[in-house]
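Dear colleague,

Please find the structure below.

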Amino acid sequence: MVYNKEKDIMKKIICALTLIITVLAGSINTFAATQDQYQMVWKELNEKYGMDLPIDYIDEDEISLDQFKVQAEELIKQERDTQNYIKERLINNIMESNTLNVLSTRSTKTVTYKKDCDALGQYYKIKATYTINGKKIVRAKSSSIIRKAGANADNVYLTNVGKVQYSCLDSMRTLGVKYNAKVHFKSIYGMPTTIYAEFNYNG
């Protein structure tokens, strides 16, 4: 009788262990499927807007698939629109950054202005200092990205910020200021972004 009791106990232990292993395996499969679903949404949205943007990571425990789809679509569309706008501006303007150091005999003045970025304008501004001659911009001196209160409140931050790129547009009446970076949203996911703004002689 003791032997049979021990056998019954062993059977119950084995059944319990088998159940635990099955549950754990199912959880792992669910996790993998969830990750695949988020990645598939990202891929489909890239295809929809003709982009090929990578995504660094996704914490699916912090954002639902539906929320992620809405946010990702807005961000990918914004990035597409910004990149296309910059390309069109450069195509339609012969003069670019190599014209920004034009010497002039006329009086010049150095000015500093701040502008919201085209995309992520709720989170970032660009501050630019440049030299003007009348209504023309003749030299870009410096620039920086300013984090707004909204970025602090929503825990949005940038990494891998590249070197600034200047473009002289509209017959030297407009200065384009561009940075490439990675933007992170509450450490839930991160993606490439273009930080861009345009300035003229009076702002």
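What is the make-up, by class, of the lining of the largest cavity? The lining has six nonpolar, two polar and one charged residues (Ala, Val, Leu, Ile, Met, Phe, Trp, Tyr, Cys and Pro count as nonpolar, Asp, Glu, Lys and Arg as charged, the others, Gly among them, as polar).

This is a predicted model, in which local features need pLDDT of at least 70 and side-chain atom pairs pLDDT 80 or more, while totals for chains, interfaces and linings use all residues. Residues are numbered from 1 along each chain as its sequence is written, and side-chain values use heavy atoms, with hydrogens and water left out.

On a 1 Å grid over the protein atoms alone, a cavity is a set of points where a 1.4 Å probe fits but cannot get out; a pocket is an open set with protein on both sides within 12 Å along at least five of seven lines; lining residues have an atom within 4 Å of a point.

The largest cavity holds about 50 Å³ of space (the space filled by probe spheres set on the points, which are joined across faces, edges and corners). Its lining includes Leu 75, Glu 79 and Met 191.

The largest pocket has a volume of about 240 Å³. Of its 16 lining residues, Gln 71, Leu 75, Tyr 123, Phe 185 and Tyr 189 lie nearest the centre.

Gly 150 touches Gln 122 and Tyr 123, leaving aside residues up to four places away in sequence (contact: heavy atoms within 4.5 Å).

Regards
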